[in-house]
Amino acid sequence: MNRPSDGKRWIVGITDHIVPPADIEQEAFPEAEFRFLADWRRGDLARRAWQEPDALLVWHWIVDAGTVEVLDRCKILIRYGVGYDLVDVQALAARDIPFCNTPDYGTEEVADAACGMILAIQRQLVAYDRACRHYAEGWQENLLHPQHRTSTRTVGVVGVGRIGTAVVNRLKPFGYRILGYDPYKPSGHEKAVGYERTETLEALLAEADIVTIHCPLTEETRGMVDAALLGRMKPGSALVNTARGRILADLDCLEDALRSGRLACAATDVLPDEPPEDHPLLAAWREDAAWLRGRLLITPHVAYYSEEGWHEMRYKAARTARMYLVEGKLRNLIEP
C-alpha cells in the first residue's frame, strides 16, 4: 500500500486517554499527521473529524456499530492495549477495516506485578503491615500462621501466553512447583517453558496454593472465576488476578470465599467495574475490618505501567498503523 497519491500526509486519529502532544506516535510514524478527536456524537463538526482519518488509535473508546459507521476513510483501527472486549470486531470486518491490538507492550510489568503479589501473599507482607498497626504489645513475637517455605508451595498459572510464561520464568528461581493450564498451547509448550501442564482447570485448582490468572477476556472466560470455581479451589488457597476484571463474575463470590476461608487471601489489579461501585467487600477493605485485615490487596489497574512500557505501547500502536498504511503489512490482526 502506497502513500496518498496527492502527496498529503496520512491522517491518524487518536480517540481518547492520550493527551497531546503525540510525540511518541510521531516518532513511530513520521509520515502521519496525528489528530486528537472529540466525541463524534457532539455534532456535525466532531462527526466529520472522525470521517477523515486513515487510521484510528483507540484506548478505552467503545468501538460499537455506531462508531464503525462513522469511519468513512478509516483503513485500519488499532487498540493501544491488549484486551479488545470494547471493540465490535465483526462490525469492523463488515466494513473491511482490519483491527489490531498491541499485545506485547507491558509483558514484563504485568508479570512483575503478578509475581510481587504472589510473593506478598506467600510472605504475608500485607498482613504483617496491617497487623503492625494494631499490635497492643510485643513486636517480633506476633507471628501470623500458617506460613510456609516457597519450595513447599504450588502456584497454578491459568493462561500461559506471553505474560503467563513470563510469570513462570520469574517464579522458577524461588523454588515453587508451577502448574499451568492453557488448552490453546501446543503439546510440549510446558517442556519448552518449564512447568507442569494440567489437562483440566479442575486439576490445577485442586493442587495450587496460589492461582494466578493470565488469560484474555473472551466469551469463554467472562465470569469464569465464579462461586463454583472458587469452591473448587484448594481450601486456604489464594487468588491473584492481573488480567481482566470481568473474568471475575462479581465481588459477591469473592467476598463469600474470603469470609468462609475458602480463600485465605486475594490480590487483584483489576475489578469487574472500574472505578468500583460500592460493595460490602470494598467497604470492609477500606475500613480495614478485622475479618479481612491483610487478606485483600487491590491496586488500581496499573500493573501494565512503567515509563518504558508506556512509551513502548504508544510507539508500537503507531508503528502498526504505519506498517499497514505505508508497507501494506498487518501484524497482531484480530479476526472476528
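Lining the largest cavity are Ile213, Val225, Leu239, Asn241, Leu248, Leu254, Ala266, Ala267, Thr268, Val270 and Leu271. This is a predicted model, where local features need pLDDT of at least 70 and side-chain atom pairs count only at pLDDT 80 or more, while totals for chains, interfaces and linings use all residues. Residues are numbered from 1 along each chain as its sequence is written, and side-chain values use heavy atoms, with hydrogens and water left out.

A cavity here is a set of points on a 1 Å grid over the protein atoms alone where a 1.4 Å probe fits but cannot get out, and lining residues have an atom within 4 Å of a point. The whole structure has one cavity of 30 Å³ or more, and the largest holds about 100 Å³; volume means the space filled by probe spheres set on the points. Strand 11 (263-268) gives the largest share of the lining, three residues.

Now for the helices (DSSP runs of H or I, at least four residues; strands are E, at least two). Axes are lines fitted to C-alpha atoms over the stretch in contact, with angles from 0 to 180 degrees between N-to-C directions.

| Pair | Angle | Axis distance |
|---|---|---|
| Helix 11 (251-260) and helix 12 (280-287) | about 55° | 9 Å |
| Helix 5 (107-122) and helix 7 (162-171) | roughly 50° | within 9 Å |

Leu251, Leu254, Glu255 and Leu258 of helix 11 touch Pro280, Leu281 and Leu282 of helix 12, contact meaning heavy atoms within 4.5 Å. Leu254 also lines the largest cavity.

Terms used:
1 Å grid on protein atoms, 1.4 Å probe; cavity = no way out; pocket = protein on both sides within 12 Å on 5 of 7 lines; lining within 4 Å.
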